[in-house]
Amino acid sequence: MVRRKVRLLPVSEFKEAVVLIAKCGESHKSYGIRMEKTGTDRWLTTWAFPIKDSSAKREGYDKIQVKGDISFSDDYPGCPYCGGHGLTLCPCGHLSCTIMRSNVFTCEWCGMQGEIGNYSGETIVAGADY
Ligand SMILES: [Zn+2]
Ligand SMILES: [Zn+2]
């Protein structure tokens, strides 16, 4: 009888990670948000870092789409510019820091203003329109 050794990989080795681009309404700059796929349409946000629009395009981050159940890891550092932990998805499909002025949110991508509702799993487009 031949015994086969099966090597069990820790779950983390299977993880697929993507980088989405968000814009900060405080600094009007872009930053990258790293998300790990933890299951079908389940994503864990683990990291955020400053990024230039030009490099986001070059890395192909603008092609990425994410949807479904998105949560934040306990050590997610927040926006690298304003430190905010909130992200708001505009109907245009892009993410911005959740910065409210007189209860109104302004999308850094398309300029649309409005009140914030609950995210219900719409597709998020990572990035860069020019
Ligand atoms: Zn910010
Ligand atoms: Zn928008």
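In the hairpin of β1 and β2, six residues sit between the strands, and histidine 28 takes a positive phi near 60 degrees. Strands here, like helices, are DSSP runs numbered from the N terminus, with at least two residues (E) for a strand and at least four (H or I) for a helix. The model is predicted, so local features need pLDDT of at least 70 and side-chain atom pairs count only at pLDDT 80 or more, while totals for chains, interfaces and linings use all residues. Residues are numbered from 1 along each chain as its sequence is written, chains are lettered from A and ligands numbered from 1 in the order in which they are written, and side-chain values use heavy atoms, with hydrogens and water left out.

β1 and β2 run antiparallel and are joined by eight bridges; two strands count as paired if DSSP finds at least two bridges between them. Within this pairing, alanine 22 stands opposite tyrosine 31 in β2. β2 then pairs with β3, again antiparallel and with eight bridges, and here glutamate 36 faces leucine 44 in β3. The hairpin of β2 and β3 has two residues between the strands, and aspartate 41 in its turn has a positive phi of about 55 degrees.

Next come the charged side chains. The count comes to three salt bridges, a salt bridge being a side-chain nitrogen of Lys or Arg within 4 Å of a carboxyl oxygen of Asp or Glu. Glutamate 36 turns up again here, bridging to arginine 34 with the closest N and O atoms 2.8 Å apart. Glutamate 36 is buried at 14% relative accessibility, whereas arginine 34 is partly exposed at 30%; the cut-offs are under 20% relative accessible area for buried, over 50% for exposed, and partly exposed in between (1.4 Å probe, protein chains only).

Lysine 67 lies in the loop between β4 (65-66) and β5, and aspartate 41 in the loop between β2 and β3 (42-50), so the pair ties together parts that are 26 residues apart in sequence. Lysine 67 is partly exposed, with a relative accessible area of 37%, and aspartate 41 is partly exposed at 31%. In the remaining salt bridge, the side chains of arginine 42 and aspartate 69 meet at 2.9 Å, N to O. Because arginine 42 is in strand β3 and aspartate 69 in strand β5, this pair ties together parts that are 27 residues apart in sequence. Arginine 42 is partly exposed at 44% relative accessibility, and aspartate 69 is partly exposed at 38%.

Then there are the zinc sites. The zinc ion (ligand 1) has Cys24 (SG), Cys79 (SG), Cys82 (SG) and Cys97 (SG) as its protein donors, lying 2.3 to 2.4 Å from it. Donors are N, O and S atoms within 2.8 Å of the metal (3.2 Å for Na, K and Ca), and sites may look incomplete because water is not among the atoms. The four donor atoms subtend angles of 99 to 116 degrees, which makes the arrangement around ligand 1 tetrahedral; for four donors, that label asks that all angles lie between 85 and 135 degrees. Ideal angles for four tetrahedral donors are 109.5 degrees. Along the chain, the donors of ligand 1 follow the spacing C-x54-C-x2-C-x14-C. Cysteine 24, in the loop between β1 (16-23) and β2 (30-39), and cysteine 79, in the loop between β5 (69-72) and β6, link distant parts of the chain, 55 residues apart. Cysteine 24 is buried with a relative accessible area of 0%, and cysteine 79 is buried at 4%.

The zinc ion (ligand 2) is coordinated by Cys90 (SG), Cys92 (SG), Cys107 (SG) and Cys110 (SG), at 2.3 Å. This site is tetrahedral too, with angles of 102 to 116 degrees among its four donor atoms, and its donor residues are spaced C-x1-C-x14-C-x2-C. Cysteine 90 lies in the loop between β6 (87-89) and β7 and cysteine 110 in the loop between β9 (104-106) and β10 (113-114), so parts 20 residues apart in sequence are tied together by the pair. Cysteine 90 is buried at 4%, but cysteine 110 is partly exposed at 42% relative accessibility.

Finally, serine 96 is in strand β7 (residues 95-97) and counts as buried at 1% relative accessibility. Contacts of serine 96, leaving aside residues up to four places away in sequence, include Lys23, Phe105, Cys107 and Trp109, contact meaning heavy atoms within 4.5 Å. A polar atom of the serine 96 side chain lies 3.2 Å from the backbone nitrogen of glutamate 108.

Technical notes
Polar contact = N/O pair within 3.5 Å; in protein donor to acceptor, adjacent residues only side chain to side chain. Tetrahedral: all angles 85-135°; square planar, octahedral: opposite > 155°, others 65-115°.
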